[in-house]
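Let's read a structure together, one feature at a time. Have the sequence and the 3D view open.

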Amino acid sequence: MQRFNPKSSLAFRRLVVLELQRTAKQGIAFVCCGIVLPLAAARFRSDSLPLLVVALLVTVSTPMSISFGTSLKDRLSGDLEFLKALPVTGYVHARARAVVGLLYALVAVALVSPYLWPGYLWIGGEEPTGFALAASGLCFVLWVATCLCSAITLRFGTERLMMWGLMGLVAFIFVGEFVGERLLDPLLAPYLNMETPSSVVDWLRSPLAIVALIAALPAVSALLIAISLRWTRTAIETYRREDKIMSL
Amino acid sequence: MPAISFQRFGVRYPAFELEPFDLELSPGERVAIVGANGAGKSTTLKAVSGQLPEYGGRIEIDGREVRDLVPGMRASVGYLPERLHAFGWMTVAAHLRFLADFFPAWDRDYAYELLERVELPVGAKVGTLSKGMKVKLSLVAAEAHRPPLLALDEPTSAIDPLMRGELLAVIDQCAPIGGDRLVLFSSHILEDVEWIADRVVFLKNGRLVADNSVSEIRARDPDKPLHELLYATLQSQV
């Protein structure tokens, strides 16, 4: 039997390129939607809610249908079986997918960054409230953490990560803008002994709120990691077993 | 040069059971696994190719358990699946280029020589190939690194007689009987077995029912065509 190094960087690079090729169509749709969505939201959010909803539906449904279609096609045609038969460990596959997943996460960060204050003001939006920023930030952290956990544990394919990414964008906007600003602010203001939403904004800009927010983000990440611990453990055990086998 | 030993090898699924069996295979042999659909042929080939993680008993290659050798051992096996596993958007050339980086012994020139021999257009998209062409591509991919073990899962099923002939001729030339390689292939087409195999293992309803060399089977009635004798052997087993 021939000896073969399953950690071969060449094989790894091949798998990264393959993942990018496989998801190219969805990737382009994802980037287009990522550009269109925040701009449409910024432009129309105040004066034309129906238009915004239509823009969201169109932009979300396009890459989602492509993503589902590609995923289903690959699964039905057995194309993915071909990767399982290659002489590489799951670790190499996982690294390749994690790199591609991370790349998409970074693209998404770049895409939504104009939507964050002060970039948001730059593209013509109104100043978002503190709750909007907090809720948006939470959604964003959840999304990135979930994407990475899923990628590392090889639980889902890249196309599904992208779909989740897009859903994260939608959640980002809806939760941040509509739920945060229009519901939470007026709803919570009386309980915080504040008279107007702007007082909530002021309170959220206080050092205590900033510290609480900073503390909350790692806590949420830790919670996510704990939830996916079983998947991760199983995956790591498999990789270790395979690597041990290869080092014999 | 792999010597393969199946020791009480068997699998059990909710709807299918392959009863444990012992089998010894040596380099230079071309062994046909014959049986009806669902007899356990593909399962056996998957297991010996390092693609079946769970099974009972042991499969040893040169004295080492297959499950302890995956995934690296897959580089030493040329596996032709029943249905081509590849991405339809890749061209034939791109598909082979992709695979080349995973197999250290991959011989690019040999791959192109095989492509020419089976008359496969390198620029064609995999998704547009006919079934027979896909089998040809699978065979090129399996053979291009000259693996010590060729595991071919029904290479000629559902393709026309002309293509069948071409494929069997390639297999015949690439891994001659008595050479240093082992060919293990499954089929339910007895004429193919007659052409290629020097030994036949019969599976019936998830049970190994007979294991004979072709010369033994021929000796039973030298006047009859081999495929008739093979059929009679399969029929006679309970």
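What follows is a short chat about a sheet and a pair of helices.

A: This is a predicted model, where local features need pLDDT of at least 70, side-chain atom pairs count only at pLDDT 80 or more, and totals for chains, interfaces and linings use all residues. Residues are numbered from 1 along each chain as its sequence is written, chains are lettered from A and ligands numbered from 1 in the order in which they are written, and side-chain values use heavy atoms, with hydrogens and water left out.

Q: In what order do the four strands of the open sheet in chain B come?

A: Strands are DSSP E runs of at least two residues, helices are H or I runs of at least four, both numbered from the N terminus, and two strands pair if DSSP finds at least two bridges between them. Here the order is β2-β1-β4-β5 (chain B), with antiparallel pairing. The edges are β2 (16–25) and β5 (64–65) of chain B, each pairing on one side only.

Q: Which residue in β4(B) is the bridge partner of B:Phe6?

A: That's B:Ile59.

Q: How do I describe two packed helices?

A: You give the angle between their axes and the distance between the axes. Axes are lines fitted to C-alpha atoms, for helices over the stretch in contact, with angles from 0 to 180 degrees between N-to-C directions. Helix α2 (residues 92–100) and helix α4 (residues 131–143), both of chain B, pack at about 25°, axes 11 Å apart. So α2(B) is roughly parallel to α4(B) (angles under 35 degrees count as that).

Conventions. Angles under 35 degrees count as roughly parallel, over 145 as roughly antiparallel, 65 to 115 as roughly perpendicular and the rest as oblique.
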